[in-house]
Amino acid sequence: MKPAVSLISIFVLTLAAAAGVSAQDSASEPVEPVGGLTFADEVQVTVVNVDVYVRDRKGLPVEGLGPDDFRIIQDGVEMPISNFAELTAEVIRHRAAEATVSVTTTSPEPGADAADDEEIKPIWVVLYVDHENLGSLDRNRVLRRVREFVLENLTEPVQMMVVSYNRSLKVAQSFTSEPQEVTGALRGMVKISGGREERETARRDLLADMNEARNQDHGSKVNTQEGAKLDMRQRVSAFAAEEANNLQFTLGALRQMIAMLSGIEGRKSVIYVSSGLPMEPGIGLMHDYAMTFRDQSILSLRGRFDGTRYFNELTSLANAQEVSLYSIDATGLNPLDGFDAESAYSRDPSASSLGSRNYQASLKYMADATGGIAVVNTNDVSGGLQLITNDLFNYYSMGYTVNTTGEDRVHRIEVELTGGENYDLRYRRRFVEKSRESKVQDRVFTSLVVDIDDDAMGLELTAAAALPGSATRWIAPMHLSLDLTKIALLPVGDELVGRIVVFVGARDDEGRNSEVQRQEHEIRLPKAEYLAAGRERFGFDFRLLLNEGRHRVSVGVLDPITRQASYERTVVSVP
């Protein structure tokens with residue numbers, strides 16, 4: 001199922017170039033290109049950086065370790081550590097104060113062996129408040145602590161963003177280093193309500209009705225209320241289906257948020273605040289039903305609604321985009337459901353415990369799989385937020401060199417301590433090697449929410465007045481041009497031939513994104529015309545099909561010969 005964020009569709013209707021288009025000719029001998037940017041030095045060797053958090057039994061950072069204390073293993077093969085640094089809050093903040101941190105930081109060169117040689121990475125933190133799966137009272141209690149966390153930690157090189165989810169994803173505050181802007185966005189959420197409380201009411205009504213049925217039939221060895229039994233089974237199944245459907249939308253929005261971070265360089269974290277998500281939708285009610293009506297057959301529904309694979313897809317994406325997930329359970333430390341003084345029903349302790357664990361298991365899974373932390377079973381999340389602070393500013397950065405393939409590949413990483421110390425090690429356990437096209441597509445998607453200044457080709461993107469496309473859609477004519485001398489062209493007979501790959505994406509003010517579209521385009525022109533043209537620009541037209549409203553449109557252009565890319569964006573209002 002596609003998430004709701006795909007409501008905007010976008011496609012390239014035309015790519016009419018100023019020059020003619022024909023099939024690519026093949027050259028019998030290697031030729032030197034004309035024009036173009038410097039070749040991107042990324043093919044043979046790259047440095048894989050691994051951030052490792054070493055903690056003692058109290059969860060406190062362990063300091064003073066060196067490169068000889070660690071082993072890094074990729075795909076079963078030990079890799080020599082080429083760069084190593086121990087980072088602390090003092091080092092990070094001191095170094096950040098000395099230099100301006102930009103989005104386009106580069107990876108450290110092999111051979112660096114001290115923190116002074118380690119380039120401090122930008123720290124990007126997304127505060128993700130899931131109103132759809134969050135009780136309002138729990139939310140306001142937790143967000144007070146989160147605001148304190150912001151005031152204590154939002155300083156260079158940290159940038160924070162506030163995101164709200166309530167059946168659609170909205171950016172309440174874009175990335176900023178101003179604490180007041182972030183805390184203001186969080187304060188603006190205190191009156192938002194989602195669907196969690198309504199679903200919780202429906203769940204408690206089901207439990208109360210099952211409790212009543214159990215009390216009415218407590219003397220029978222076999223429940224004779226077949227009509228009530230069938231009705232209750234259908235209601236439990238419908239509740240599980242609704243939870244499963246909501247879960248898919250919720251995780252779809254989380255995947256969208258993670259994808260938005262894909263093109264950013266630096267350390268990336270999402271702090272996810274909710275009252276938990278069902279790993280197995282409806283599992284607690286299924287067990288209550290089975291015990292109430294002495295009917296275990298309902299447990300066969302578990303496989304139909306099991307959400308494990310969706311969580312696995314989410315964490316795989318997070319690892320691919322180098323995003324760590326930190327989850328906060330706003331529910332707090334509550335008694336088992338049905339055992340508090342105000343409960344209108346009683347429950348079997350095992351079913352109640354299973355239901356509670358079901359909502360927490362997902363939060364632990366997301367954190368464990370991505371090197372983050374799950375803050376659960378506490379009414380005061382300050383301690384958990386301190387552990388997250390430790391992760392932001394206290395870690396070991398180490399790396400190793402690999403020969404890249406230029407393709408999308410997933411590698412497994414293991415980190416071990418050589419001395420056998422009983423410390424807790426957390427790190428991202430997968431390294432995803434990305435093709436150049438995947439990296440460009442990621443950055444185009446990211447630029448829909450984050451400004452990316454990387455335009456060596458001198459792109460210019462403009463929009464003309466929108467035209468009616470259908471009853472609800474508008475056609476927005478667009479024109480993209482670039483500096484022709486920045487594209488590598490190969491001599492083919494009396495012509496010069498080049499190729500560019502164009503990526504286009506759009507996002508509206510409601511937080512809905514299109515998928516990033518890819519289009520290849522050939523440039524072909526006579527040599528004499530190119531020499532006479534000097535620095536004239538090359539341009540082409542395309543059209544987007546958009547809903548009414550204000551849209552941010554981003555493009556990326558890749559030169560496959562030099563592997564260099566350039567990015568531009570504009571805002572389009574339709575009609």
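Biologist: What makes Phe540 count as buried?

Modeller: Its relative accessible area is 1%, and buried means under 20%, exposed over 50%, partly exposed in between (1.4 Å probe, protein chains only). So Phe540 is buried. Keep in mind that this is a predicted model, where local features need pLDDT of at least 70 and side-chain atom pairs count only at pLDDT 80 or more, while totals for chains, interfaces and linings use all residues. Residues are numbered from 1 along each chain as its sequence is written, and side-chain values use heavy atoms, with hydrogens and water left out.

Biologist: And what about Phe538, buried or exposed?

Modeller: Phe538 has 5% relative accessibility, so it counts as buried.

Biologist: How do you know which kind of aromatic pair Tyr53 and Tyr395 make?

Modeller: Rings of Phe, Tyr and Trp (its six-membered ring) pair if their centres lie within 6.5 Å; planes under 30 degrees apart are stacked, over 60 edge-to-face, and the rest tilted. The count comes to 8 aromatic pairs. For Tyr53 and Tyr395 the centres are 6.3 Å apart and the planes sit at 65°, so this pair is edge-to-face. Tyr53 is in strand 2 (residues 45–55) and Tyr395 in strand 12 (residues 395–403), so the pair ties together parts 342 residues apart in sequence. Helices (H or I, at least four residues) and strands (E, at least two) are DSSP runs, numbered from the N terminus. Both tyrosines, Tyr53 and Tyr395, are buried.

Biologist: Why is the pair of Phe538 and Phe540 called tilted?

Modeller: Their ring centres are 6.3 Å apart and the planes are at 55°, so the pair is tilted.

Biologist: What makes Asp442 and Lys434 a salt bridge?

Modeller: The rule asks for a side-chain nitrogen of Lys or Arg within 4 Å of a carboxyl oxygen of Asp or Glu. In Asp442 and Lys434 the closest N and O atoms are 2.6 Å apart, so they form a salt bridge. Asp442 and Lys434 are both buried. The structure holds 29 salt bridges.

Biologist: Which parts does the salt bridge of Glu437 and Arg518 tie together?

Modeller: Those two side chains meet at 2.8 Å, N to O. Glu437 lies in helix 11 (residues 436–446) and Arg518 in strand 21 (residues 517–526), so the pair joins parts 81 residues apart in sequence.

Biologist: Why is Glu437 called partly exposed?

Modeller: Glu437 has 26% relative accessibility, so it counts as partly exposed. Arg518, with a relative accessible area of 37%, is partly exposed too.
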